[in-house]
There are 2 protein chains.
Amino acid sequence: MTDAPIVIDCLQYANWSEGIFRQMSEGGVSAVHVTICYHENFRETVANFEAWNRWFERYPELIFHGEWADDVRKARDEGRTAIFFGFQNCAPIEDDIGLVEIVHKLGARFMQLSYNNQSLLATGCYEAEDPGITRMGRQVIREMNRVGLVVDMSHSAERSTLEAIEISERPIAITHANPASWHPALRNKSDDILKALGESGGMIGFSLYPHHLKDSSNCTLQSFCEMAARAAEVMGVERIGLGSDLCQNQPDSVVEWMRNGRWSKETDYGEGSKSNAGFPTQPEWFRDNRDFGNIAKGLRDVGFSEEEAAGIMGENWLRFFESNFVPAKM
Amino acid sequence: MTDAPIVIDCLQYANWSEGIFRQMSEGGVSAVHVTICYHENFRETVANFEAWNRWFERYPELIFHGEWADDVRKARDEGRTAIFFGFQNCAPIEDDIGLVEIVHKLGARFMQLSYNNQSLLATGCYEAEDPGITRMGRQVIREMNRVGLVVDMSHSAERSTLEAIEISERPIAITHANPASWHPALRNKSDDILKALGESGGMIGFSLYPHHLKDSSNCTLQSFCEMAARAAEVMGVERIGLGSDLCQNQPDSVVEWMRNGRWSKETDYGEGSKSNAGFPTQPEWFRDNRDFGNIAKGLRDVGFSEEEAAGIMGENWLRFFESNFVPAKM
């Protein structure tokens, strides 16, 4: 047992390597929610689960498969990192509601209902029209509630997100986004969403992806932490955490897969542009997993108490994991 | 807690229904190893897992998904039946060794390396030649040992079976077959196999499928129990149990799928014949899950002690489950 703080990053998608796992360990990161698919179908997603099993077999001293809240504490106590799986899209369940329970059994704990585009379940944030949660979407939300797979609306559109909060009988998450009032990106969230999310017991993880930051790569730590303070006023300080969206060492081909999958014959630049198509540079105060201490200090510097800062750094997500990853009581 | 006996049937493949689950409960059956695939590929097998999840959701008062030995005791104590999953063939792992860990995670606990025919891993009992365990087979056995998926050689050929016993670092099982010395069917096993199996800590489950019985549907309970007594002399009384191969209420189309899958354009009659192509009639002393008491009595009548009979009825399999379903200690 140690008294090291709990640090949870609720979204990363790196080009995984021993080096990155060592950085997690050096940074004292107890748990990371990692993306294991964007547009992959079920069978392709299973291959991604398999690839992670190989990492776990290869580096047991650094990482292990996280399934339950207790695994976060275990990781903290052992100086390792618990890796929790999530999907950025509903592609892996295809058109088959039975796959919800299957992917939860395999360890998936978050699933976005849509990624930028319309899906079978909900609308993405780049669509012109948002008709809200679909017929299948309503049933899948109920099934996700039943088995303990958390609804994530990070890349979904306004109405679909508000409806998901309303329909879901368990709290939902926006694992990686920021308030649109601070930086009006299409991916960032309105105060209406933040308020409804907070009132329903949901959580947001603040993103450190430059396209989600005010002044992009030049965003200051103080500005980021003041944004957190304002969000705490809207949602409640126990409803906020981190979801860095760190996409470390990825080649540009990966951002192309994220944005274009197999759905487009043209090139979609997503949050980037033709002249700025690749991954943007991280702000200097958050380059990788070793920099979480900067954020913890920054939060205290803008006036959060020790306890509040510890909540944002990990304790809030831990409480959320505790009550939302287990099957519903019948 | 009750002091009801542990009854484990280590192979059934019925046309599942509430009625059959009720018979299991009435018969005091604590656990059943059910076949969830013959020739299905991975995706098709996942659909079979899904179908079982629906049964579990529908009849929680009768059945639940068994994963560990403790689930057998839990089922006995609660008057329910724990359903353990197994594959009669290696089709679900396709050509992908990473799927071994995936299917174990989903709950598979037994996998046959071959079903009647040559597979990617081993030879089936109806092939003319048996070249033994393949290159992939050796690696898959090691991976099955690592994750806790039991090698089952019920439908495999002689040399492949002896090699699997030799190569596997954990005990293997023949979940449903009888000694060939009692009834010389191609599916029944030589004394060489029984001896090697017993010495390595493996188990056999005695089949009640008429094609595996001396005098077929007219086999007497006494003859069956005397066969068990002779096998106990060859293997050790703690190495034998039941694997009834009960295929209740199945239409003949199912036996056709079992025998022909998609591999044949002709009709293979397996253990049957053109004039006797369907499922044979069960002996009158074992018609369904309510008749296990007859066997327990029959075993005592041929001279097994109370304790030995309890071992054969379930305690022996329970000990086997205890040590072989969990991942190997590294």
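## A first look at a predicted two-chain model

In this model, strand β4 of chain B runs parallel to strand β5 (residues 108-112) of chain B, and 3 bridges join them. Across that pairing, B:F85 stands opposite B:A108 in β5(B).

How much of β4(B) is covered? The strand takes in residues 81-87 of chain B, and 7 of its 7 residues are buried. The side chains in a regular strand alternate between the two faces of the sheet. Here B:T81, B:I83, B:F85 and B:F87 point one way, while B:A82, B:F84 and B:G86 point the other way, and all are buried.

Strand β2 (residues 31-37) of chain B runs parallel to β4(B), with 6 bridges between them. In that pairing, B:V34 stands opposite B:F85. Strand β3 (residues 63-65) of chain B also pairs with β4(B) in the parallel sense, over 3 bridges, and B:I63 stands opposite B:T81 there. To get from β3(B) to β4(B), the chain passes through helix α3 (residues 69-78) of chain B, a β-α-β crossover that is right-handed.

Strand β7 (residues 173-174) of chain B runs parallel to β8(B) with 2 bridges, and B:A173 stands opposite B:M203. The path from β7(B) to β8(B) goes through α7(B), and this β-α-β crossover is right-handed.

On to strand β9 (residues 240-242) of chain B: β9(B) pairs with β8(B) in the parallel sense over 3 bridges. B:G205 stands opposite B:G241 in this pairing. With helix α8 (residues 221-235) of chain B, the strands β8(B) and β9(B) make a right-handed β-α-β unit.

| Strand pair in chain B | Sense | Bridges |
|---|---|---|
| β2(B) and β4(B) | parallel | 6 bridges |
| β3(B) and β4(B) | parallel | 3 bridges |
| β4(B) and β5(B) | parallel | 3 bridges |
| β7(B) and β8(B) | parallel | 2 bridges |
| β8(B) and β9(B) | parallel | 3 bridges |

**A buried helix and a buried loop residue**

Helices have buried residues too. In helix α6 (residues 158-167) of chain B, the residues B:S160, B:T161, B:L162, B:E163, B:A164 and B:I165 are buried. What do the buried residues of α6(B) pack against? Their partners are α5 (135-147), β6 (150-152) and α7 (191-199) of chain B.

Now look at B:I93, which lies in the loop between β4 and α4 (99-105) of chain B. Is B:I93 buried or exposed? A residue is buried if 20 or more other C-beta atoms lie within 10 Å of its own. B:I93 has 27 C-beta neighbours inside 10 Å, so B:I93 counts as buried. Leaving aside residues up to four places away in sequence, B:I93 touches B:F42, B:L99, B:V100 and B:V103. B:T45 is 48 residues from B:I93 along the chain, and their C-alpha atoms are separated by 9.5 Å.

**Chain A as a whole**

Turning to the other chain, the secondary structure of chain A comes to 11 helices and 9 strands. Its radius of gyration is 18 Å, close to the 20 Å that the globule rule gives for 330 residues, so chain A is as compact as a globular protein of that length. Along its principal axes, the C-alpha trace of chain A spans about 45 × 40 × 40 Å. Buried residues make up 50% of the 330 residues in chain A. Of the contacts in chain A between residues at least 6 apart in sequence, 71% join residues at least 24 apart.

**Where the chains meet**

How many residues of chain A are in contact with chain B? There are 11, and they are in contact with 11 residues of chain B. On the side of chain A that touches chain B, the elements giving two or more residues are α2 (42-58) and α4 (99-105) of chain A. The largest share, 6 residues, comes from α2(A). By class, this side of chain A has 5 nonpolar, 2 polar and 4 charged residues.

The same surface serves both copies, as 100% of the contact residues of chain A recur in chain B.

Definitions and conventions. Residues numbered from 1 in each chain as written. Chains lettered and ligands numbered in written order. Predicted model: local features only at pLDDT ≥ 70, side-chain atom pairs only at ≥ 80, totals over all residues. Buried ≥ 20, exposed ≤ 12 C-beta atoms within 10 Å, placed from the backbone. Helix = DSSP H or I, 4+ residues; strand = E, 2+ residues; numbered from the N terminus. Pairing = 2+ DSSP bridges. Right-handed = clockwise from strand over helix to strand, strands pointing away. Contact = placed C-beta atoms within 7 Å. Nonpolar A, V, L, I, M, F, W, Y, C, P; charged D, E, K, R; others polar. Rg over C-alpha atoms; globule rule 2.2 N^0.38 Å.
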